[in-house]
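Please keep the structure in view while reading.

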Amino acid sequence: MSTTMLLFIALAGVMLLLLLVIKAKVQPFIALLAVSLLVALAAGIPTGEVMGVMTAGMGGVLGSVTIIIGLGAMLGRMIEHSGGAESLAQRFSQALGPKRTVAALTMAAFILGIPVFFDVGFIILAPIIYGFAKVAKVSPLKFGLPMAGVMLTVHVALPPHPGPVAAAGLLGSDIGWLTIIGLAICVPVGIIGYFVAGYLNRKAYPLSIEVLEQLQLATPESNAPISDRLNPPSAGLIAALIIIPIAIIMSGTVSATLLEPGSDLRDALSLLGAPAVALMIALALAYYFLAVRRGWSLQHTSDVMGAALPTAAVVILVTGAGGVFGKVLVESGVGKALAEVLTTIGLPLIPAAFIISLALRASQGSATVAILTTGGLLSEAVGGLNHLQLVLVTLATCFGGLGLSHVNDSGFWIVTKYLGLSVADGLKTWTVLTTVLSVSGFLFTWLLWLLI
C-alpha cells in the first residue's frame, strides 16, 4: 500500500475516533476497539491476523500497567478513606501556603520522575493530588497537570528510562553527558511547563463522575463513615506510605546501574524494586497502619479496598484499548511510512531528529517507540559528530517523543481518566502541554547545538 494511502487511513482513523468519542459520546473503550478494527482492515492487515494484532496491543499495555493501576487504586483508596490524604494536604498547605503548594508538588514530581516510570509515579501520587484538591476546593487538574507534565518530561529525556538509554546506544552518545545536559535542559523546560499548566488551568473544566466521587463531592453517600475518619493518620505516616514504594523502586533502578550483573544483591533489589512488588509492600503497610491499628474489621477493610476496583477497571480497559489502537498503527506501517517521507525531505540533523520523532509519536502513540525508531533511522547519519553533538541529537530525538500525546497514547488515557477530563478537554490541556514541553526542550537543545 502506498505511503499516502497509509497516512490517509491513519488520519481518518484518528478523526473518526474523535468524532465517536466527542460528538457521538461513544464510550472510549468501545470507540477505540471499533476504530482499531476498521483501521487494521483498511490498512491491509490480513483478516486472519487482525485479532492477533489487537490482542497483542491490549496485552502489551495491560501486562505492564494492570497490576500497577489495581494496587495503586487500592492504596489510594485506603489513604483517601482514612482521611490521610486530607491530613497530609492540610499539613502541607499550612507549612507552605496555598500559593506555593502547586510549585512545591511540581518540584517533588520532577525529582520523583527521574528514577520512577511516568505511569507508575503518577498513579502513586494520584491520591495526594485528590487530597490537595479537596483541601483547596479546586479541580485536581490544578495540581495534577503540572506534575504529570514534568514527570513525563524527565521520563522521555533522562536515563535510566528506556527511551533515552536505548537511543543513546543506537546513536553512540555518552550516558553520563546525556544525563548532565538532559537535566540542565529539563529544569527550564519543567519551569515553562509549570507556567503553561497554570495558564491552561485558568478555565474550569468539568470533571467525570468517577473523579467527583473520589473527591467526595458528588453525593453525600460517597463520604466515608465518620468512624473511619476519627483520629486520621498523621501526615508523616501518609507521606511515608507514598515515599516508601518510590524509594524501593529507586533502589532497584540504582542497583541495576551500580552492581555487577548476576549479583545476588542486585537480583534481590531488582525484584523488590519492581513497581508491582513495591506497591504490594506499601499496600501491606497501609493495611496494618491504616486499618488494623485503627480498629477496622477485616471485612470492612476488604470492602474499602475492593471499592477501588470499579474505577480502576475503567482506567485499565481504556488504557488497554489505547494500546490496541497504537499497536494497529505500528503494524500497519503508518509510522515507518511517515518516517520515510520526512527523511527524504533533507532537513538539518537536529530538526530532522525532532520532527521525525514527533511525527512518529503522533502517528503511533508510544514515546519510547518513536525515540527508538528515530534513533535507528539516524544511526548512520551521525558519523563524524563529537560526543556533545551526539548527546544533543539524542536529546532532540527524545524531546520529539514528548509531544502530541493524544488518543493513540495509553498515557493520554491514564492522565485524562485520573484527572477526570473528557477527551476534548484532554486534547485542550494534556496534548497542548506535552507539545509545548516538547518544543521547548527541542529549542533549548538546538540553541546548545548552535553554540557548540
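Arg361 is buried, with a relative accessible area of 2%. The model is a predicted one. The partner of Arg361 is Asp409, and their side chains form a salt bridge with 3.1 Å from N to O. Arg361 belongs to helix 18 and Asp409 to the loop between helix 20 and helix 21, so the pair ties together parts 48 residues apart in sequence. Asp409 is also buried, at 10% relative accessible area.

Side chains of opposite charge can pair when their charged atoms come close. The structure holds three salt bridges, listed here.

| Salt bridge | N to O distance |
|---|---|
| Arg361 and Asp409 | 3.1 Å |
| Lys327 and Glu331 | 3.3 Å |
| Lys428 and Asp425 | 3.9 Å |

Lys327 and Glu331 are four residues apart in helix 16, which puts about one helical turn between them. Lys327 is partly exposed at 28% relative accessibility, and Glu331 is partly exposed at 42%. Lys428 and Asp425 are three residues apart in helix 22, again separated by about one helical turn. Here Lys428 is partly exposed, with a relative accessible area of 42%, whereas Asp425 is buried at 7%. An α-helix has 3.6 residues a turn, so residues three or four places apart point the same way.

Next comes helix 20, residues 387-400. How many of the 14 residues of helix 20 are buried? Twelve are, so the helix is mostly covered, since buried means under 20% relative accessible area. Among the buried residues are Gln389, Thr394, Cys398 and Phe399. The cover includes helix 7, helix 8, helix 9, helix 18, helix 19 and helix 22. At the start of helix 20, a side-chain oxygen of Asn386 comes to within 3.1 Å of the backbone nitrogen of Leu388.

Thr153 sits in helix 7 and is buried, at 1% relative accessible area. Its side chain reaches the backbone oxygen of Gly149 at 2.8 Å. Apart from neighbours within four places in sequence, Thr153 is in contact with Cys186, Val189, Phe399, Leu402 and Leu437.

Definitions and conventions. Residues numbered from 1 in each chain as written. Predicted model: local features only at pLDDT ≥ 70, side-chain atom pairs only at ≥ 80, totals over all residues. Heavy atoms only, no water. Buried < 20%, exposed > 50% of the residue type's maximum accessible area, 1.4 Å probe, protein only. Helix = DSSP H or I, 4+ residues; strand = E, 2+ residues; numbered from the N terminus. Contact = heavy atoms within 4.5 Å. Polar contact = N/O pair within 3.5 Å; in protein donor to acceptor, adjacent residues only side chain to side chain. Salt bridge = Lys/Arg side-chain N within 4 Å of Asp/Glu carboxyl O.
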